[in-house]
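Please keep the sequence and the model open beside them as you go.

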Amino acid sequence: MATYPLSPRLDFLQWCKTHADVFVNNAASIGLSPATASSFASAYDAARAAVDDQDAAKEAAKAATQEALEKVRLLQESAALTVATIRLFAESTDNPTVYNVAQITPPQPPTAVPAPNAATDLSAALDANTGNITIRWKATQPEGANGTTYTIFRRAAGEADFAPLGSSGRKSFVDETFFAGPDSVEYKVQAVRSGILGPMSATLLVSFGRTNGEGFTIESTTSRDEEFGLAA
């Protein structure tokens with residue numbers, strides 16, 4: 001066990017404080033010269049004073065940091081209010097030179113969001129109990145493009161044209177209106193946003209009556225948009 005603790009620091013200082021008087025008062029009895037005992041006591045006093053100054057500086061720095069954070073927060077609020085007031089004045093007076101005088105950037109016109117991207121990787125799953133066909137696809141839309149919906153088109157075997165079947169705000173759709181009979185059915189998906197049409201997807205061909213263990217097979221063929229007048 002150590003004669004005196006080196007850490008934590010406060011325990012070490014307390015030990016020194018306790019022994020400073022002991023060493024001074026009993027210097028001759030414990031083999032110390034008066035100068036050595038006095039030097040130890042002076043070293044403790046100096047260390048204690050320095051630690052106290054450090055602790056006070058820490059508290060002052062903490063208070064100063066909090067004060068600075070609060071003042072900067074208030075300045076940010078003031079800046080926001082001031083700039084908003086200048087912008088309102090420029091708009092209400094229809095005077096864009098206000099921005100130049102104030103040396104702030106005028107509001108930029110909104111950037112047009114590009115047309116929706118095409119749906120890809122179409123797939124289908126058949127519910128053997130209901131006969132419903134669930135169509136799923138992938139689609140990554142441009143940043144800031146909100147409100148994209150998807151129109152689903154269907155053409156059964158023997159039909160000449162694709163016809164709109166329904167729409168979905170998700171990347172899936174359940175066809176509850178297809179009845180078994182035709183050997184196959186085809187699907188296409190097209191994204192729509194604010195009346196702007198995206199490219200037509202490739203055709204998803206679902207063929208029935210095949211022995212693949214699921215009662216049907218699926219294959220994706222090349223989109224023929226121009227043939228059906230469904231291009232964006």
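1. Which pattern does the chain follow when read along the sequence? The chain follows the pattern α-α-α-β-β-β-β-β-β-β-β-β-α, and it holds 4 helices and 9 strands. Helices (H or I, at least four residues) and strands (E, at least two) are DSSP runs, numbered from the N terminus.

2. A word on the basis of these notes: this is a predicted model, in which local features need pLDDT of at least 70 and side-chain atom pairs count only at pLDDT 80 or more, while totals for chains, interfaces and linings use all residues. Residues are numbered from 1 along each chain as its sequence is written, and side-chain values use heavy atoms, with hydrogens and water left out.

3. For the chain as a whole, buried residues make up 27% of the 232 residues, where buried means under 20% relative accessible area, exposed means over 50%, and partly exposed lies in between (1.4 Å probe, protein chains only). The chain exposes about 15,200 Å², of which carbon and sulfur atoms supply 56%; accessible areas come from the Shrake-Rupley method with a 1.4 Å probe, and for residues only the protein chains shown count as cover. Among contacts (heavy atoms within 4.5 Å) between residues at least 6 apart in sequence, 48% join residues at least 24 apart.

4. Helix H1 covers residues 9–25, and its 17 residues should span 24 Å at 1.5 Å a residue, which agrees with the 25 Å between its end C-alpha atoms. The expected span of a helix is 1.5 Å times one less than its number of residues. H1 bends by about 30° at His 19, the bend being the angle between axes fitted to the seven residues ending there and the seven starting there.

5. Which residues of H1 are buried? They are Leu 13, Trp 15, Cys 16, Ala 20 and Phe 23, and what covers them includes helix H2 (34–92). As background, an α-helix has 3.6 residues a turn, so residues three or four places apart point the same way.

6. Asn 26 sits in the loop between H1 and H2, and with a relative accessible area of 34% Asn 26 is partly exposed. The C-alpha atoms of Asn 26 and Ala 37 are separated by 8.8 Å, although these two residues are 11 residues apart along the chain.

7. Turning to the strands, S1 (residues 120–126) and S2 (residues 133–138) pair in the antiparallel sense over 5 bridges, and two strands are said to pair if DSSP finds at least two bridges between them. Ala 124 has Ile 135 in S2 as its bridge partner. S1 and S2 form a hairpin with 6 residues between them, and Gly 131 in the turn has a positive phi of about 80°. S2 is also joined to strand S5 (residues 172–175) by 4 bridges, again in an antiparallel arrangement, with Asp 175 in S5 as the bridge partner of Ile 133.

8. Strand S3 (residues 149–156) is mostly covered, since 7 of its 8 residues are buried. S3 pairs with S6 in the antiparallel sense over 8 bridges, and Thr 149 stands opposite Val 192 in S6. S3 also pairs with strand S4 (residues 163–168), antiparallel and over 5 bridges, where Phe 153 has Pro 164 as its bridge partner. The hairpin of S3 and S4 has 6 residues between the strands, and Gly 158 in its turn has a positive phi of about 95°.

9. Finally, Ala 115 is found in the loop between helix H3 (97–102) and S1, and is partly exposed, with a relative accessible area of 36%. Leaving aside neighbours within four places in sequence, Ala 115 is in contact with Pro 142, Arg 193, Ile 196 and Leu 197.
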